[in-house]
2 protein chains.
Amino acid sequence: MAKAGQPKKSEMMPGTLELLILKTLERHGEPLHGYGIARHIQRVSDDVLQVEEGSLYPALQRLSVKGWVKAEWGISDNNRRARLYRLTPAGRRRIAEQVADFERLLEAMMRVVRPAEGAS
Amino acid sequence: MAKAGQPKKSEMMPGTLELLILKTLERHGEPLHGYGIARHIQRVSDDVLQVEEGSLYPALQRLSVKGWVKAEWGISDNNRRARLYRLTPAGRRRIAEQVADFERLLEAMMRVVRPAEGAS
DNA sequence: CTCTGAGGCATAGTTAATCTATGCAAAGGA
DNA sequence: TCCTTTGCATAGATTAACTATGCCTCAGAG
């Protein structure tokens with residue numbers, strides 16, 4: 001036993017994974033591999049968001065197909081074979097749109113969820 | 001044909017529909033039918049969020065099964081046969097949790113998406 | 001040297017939520 | 001009468017996420 005539960009389990013907001021990946025690459029500046037992307041998201045979100053590998057790699061493939069990231073084989077900091085992802089110019093441009101869309105939906109949600117909450 | 005395009009098409013944030021429904025019922029106070037719930041969400045969100053009927057009715061069924069809403073047949077304002085949904089006490093309690101979860105995830109997302117944006 | 005754990009990629013199969021398309025039915029105005 | 005709006009509901013497709021699994025390599029422990 002002694003499985004002293006995590007206070008709350010990590011999750012994901014459906015539909016936001018691609019934005020999280022793009023933003024992570026943007027913030028990190030230089031190319032990053034999948035494992036590193038997942039760890040970065042988890043760390044920056046304070047362990048709230050957990051990206052499963054079975055979600056991550058398909059998402060990276062979708063982003064590649066759309067031309068928003070470009071992948072190439074390289075070597076990680078730990079001297080291991082790794083697939084490094086870099087933002088393409090199109091991907092960089094795409095981020096702004098994704099953020100705008102997200103915030104537009106968010107505002108709309110909030111209008112429904114928050115009746116008339118002043119400042120909180 | 002004056003089909004002057006919508007500036008942006010209405011969408012949904014996946015995973016948030018149940019919260020939207022519960023909140024709508026809470027705000028409206030008295031029982032509401034499916035059609036009315038959809039119109040309410042669309043109106044309050046300023047036509048950004050559009051709830052499709054094929055999403056709405058299954059969602060209402062899920063909420064019924066979980067015991068968060070209770071449905072009964074009645075008559076709408078327009079004198080038509082309608083299925084009226086009311087929040088149960090459990091459903092009312094559930095709203096707080098749903099909102100808390102949503103905002104927790106949202107904050108986590110924002111930590112990733114917004115590098116160091118002060119107050120916006 | 002061998003074993004093991006951590007780092008790392010990837011896919012197959014399942015589940016869950018949403019959308020599309022369709023059907024039915026009654027009310028009320030043209 | 002006919003058509004639009006209101007109203008409920010399901011079946012099937014799509015999509016994104018999850019679970020579970022497998023393989024490979026590096027580095028440190030024994």
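Predicted model: local features only at pLDDT ≥ 70, side-chain atom pairs only at ≥ 80, totals over all residues.
## Chain A at a glance

Let's start with the overall layout. Chain A is built from four helices and three strands. Read from the N terminus, they come in the order α-β-α-α-β-β-α. Out of its 120 residues, 26% count as buried. If you take the contacts in chain A between residues at least 6 apart in sequence, 51% of them join residues at least 24 apart.

How confident is the predictor here? The average pLDDT for chain A is 89, and 88% of the residues score at least 70. Residues 1–7 of chain A are another story: their pLDDT is below 50, and this stretch has zero contacts in the model beyond near neighbours in sequence.

## Who sits around DNA strand D?

There are 28 residues around DNA strand D, and the ones that come nearest are A:Gly54, A:Ser55, B:His33, B:Gly34 and B:Ser76. Elements giving two or more residues to this surface are helix 3 (53–65) of chain A, plus helix 2 (34–44), helix 3 (53–65) and strand 3 (81–87) of chain B.

What kinds of residues make up the surface near DNA strand D? They split into eleven polar, nine nonpolar and eight charged.

## A look at helix 3 of chain A

Just after helix 3 of chain A comes A:Gly67, with a positive phi of about 80 degrees.

Terms used
Residues numbered from 1 in each chain as written. Chains lettered and ligands numbered in written order. Near = placed C-beta within 6 Å. Nonpolar A, V, L, I, M, F, W, Y, C, P; charged D, E, K, R; others polar. pLDDT = per-residue confidence, 0-100. Contact = placed C-beta atoms within 7 Å. Buried ≥ 20, exposed ≤ 12 C-beta atoms within 10 Å, placed from the backbone.
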